[in-house]
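Here are some notes to read with the model open beside you. Take them one at a time and look at each spot as you go.

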Amino acid sequence: MNTNTYRIRLVVDLFGIVQAVGFRPAMHQLALRYQLTGWVQNRSDRVRMSMDGPVNVIETFITDLHENIPPMARLDRITEISRTELGPDEIRADFKIIESEVGEHAEVAIPADLAMCCDCQQEILDPKDRRYGYPFTTCTRCGPRYTVINDMPYDRERTTLDRFPLCLECQSEYDDLTDRRFHAESTACPVCGPECRFEDANGDDVVTGNDAIRKTRLRLAQGAIVAVRGIGGFLLAVDARNRDAIDRLRQRKHRPDKPFAVMAVDNDTVRSICDVPNSAAELLASPRMPFVILDLKEDPQTLLPMAQLTPDATTIGAMLPTSPLHQLL
């Protein structure tokens, strides 16, 4: 039989880090590229996909799958569930992302939170963009995953964002298969999403929204210690140039000698303080955006009090802003 006309329906389960990383939208786009029809669906511990098309095309699709998954996804194995020969009238007309199926809890691979992508960074810094200055901007390529997940499979109603219904513009992005927020469960904007809140240690002096960002920057500049609740939990922040603030933080945390990490606005700023090999620069700007331990320059071009930040050391932990909130601060 000619494999170009021999059509089948193949159902497979995909295991690994395949939820909360833009996997279903990627499979949707890939299926359209291969001119396959069917559906893709989140399940409690996997993604299930059903495909109709010529057998040779489907087999090529499966072979090429590992090379076409999203950057932060990990495909551990593919399990074939069923394979059925189809008649001409049994071929489905399109490919869809269908509603998730909630079953028995199983061992799942929950993805880590992802650092802000370049596109989201551009949006929050563009005064003409509707997300200008919005600290919870995210898309399928970045943003909270582990931090917001309440249960699997990963859908908005099983995240901490379920209390924030999408506005019309966000819903349009969520439904648009050409948009990078297509089925991005953490999608939000100033109209429909959460907002920042600033309050002092007594729970007073409360301000919200962009005023909260401005107030926090002002208090940091005045030497305050600020607890910032963001992706992954809390961090304690002070102005790294303020000796009194650093000393006060060390006293309160009872950490006289432990090195403190420094957040810099970009790689160029890090290079003014440290020796930054290309491998470290790539790591700093990667989707994981970790702290990177770097050697201090012999004569760093900075006003930072290095002896207070990293006592008795020749290295410092550096990081870039991992979220829009960090970038705006």
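1. Start with helix α5, residues 210-221. At 1.5 Å a residue its 12 residues should span 16 Å, and the end C-alpha atoms are 17 Å apart, which agrees. The expected span here is 1.5 Å times one less than the number of residues. Helices (H or I, at least four residues) and strands (E, at least two) are DSSP runs, numbered from the N terminus.

2. A word on what you are looking at: this is a predicted model, where local features need pLDDT of at least 70 and side-chain atom pairs count only at pLDDT 80 or more, while totals for chains, interfaces and linings use all residues. Residues are numbered from 1 along each chain as its sequence is written, and side-chain values use heavy atoms, with hydrogens and water left out.

3. Which residues of α5 are buried? They are A212, I213, K215, T216 and L220; buried means under 20% relative accessible area, exposed over 50%, and partly exposed in between (1.4 Å probe, protein chains only). These residues cover an arc of only 165° around the axis, which puts them on the same side of α5. That arc is taken from the directions from the helix axis to the C-beta atoms. As background, an α-helix has 3.6 residues a turn, so residues three or four places apart point the same way.

4. The cover over the buried residues of α5 includes β6 (197-198), β7 (207-208), β8 (226-230), β9 (233-237) and α10 (324-328), with contact meaning heavy atoms within 4.5 Å. After the helix comes G223, whose phi is positive, near 100°.

5. Stay in this area for the second largest pocket, which has a volume of about 1400 Å³. Its lining counts 46 residues, and F136, V228, R229, G230 and L325 lie nearest its centre. Two or more lining residues come from each of β6, α5, β8, β9, α6 (243-253) and α10. The most come from β8, which gives five.

6. How are such spaces found? On a 1 Å grid over the protein atoms alone, a cavity is a set of points where a 1.4 Å probe fits but cannot get out, and a pocket is an open set with protein on both sides within 12 Å along at least five of seven lines; lining residues have an atom within 4 Å of a point. Grid points are joined across faces, edges and corners, and a volume is the space filled by probe spheres set on the points.

7. By that rule there are three cavities of 30 Å³ or more. The largest cavity has a volume of about 120 Å³, and of the 17 residues lining it, A20, V21, G22, Y154 and H183 are closest to its centre. Helix α1 (residues 23-33) gives the most to this lining, with three residues.

8. While you're at α1, note that it is mostly covered, with eight of its 11 residues buried. Among them are F23, M27 and L30. The buried residues of α1 pack against β1 (7-17), β2 (37-43), β3 (46-54), α2 (55-64) and β5. Just past the helix, Q35 has a positive phi of about 60°.

9. Now for a sheet: three strands form an open one in the order β10-β12-β11, with mixed pairing. β10 and β11 stand at the edges, each with a single partner strand, so one side of each has no neighbour in the sheet. Strands pair if DSSP finds at least two bridges between them. β10 (residues 262-263) runs parallel to β12 and is joined to it by two bridges, while β11 (residues 292-295) runs antiparallel to β12, with four bridges.

10. A few pairs to click on: V262 has A318 of β12 as its bridge partner, I293 has G317, and L294 stands opposite I316. Is β12 itself enclosed or open? Four of the five residues of this strand (residues 315-319) are buried, so it is largely enclosed by the rest of the structure.

11. Last, two single residues. N267, in helix α7 (residues 267-271), is buried, with a relative accessible area of 16%. Beyond its neighbours within four places in sequence, N267 is in contact with A281, L284, A285 and L320. P88 sits in the loop between β4 (74-85) and β5 (95-97) and is exposed, with a relative accessible area of 80%.
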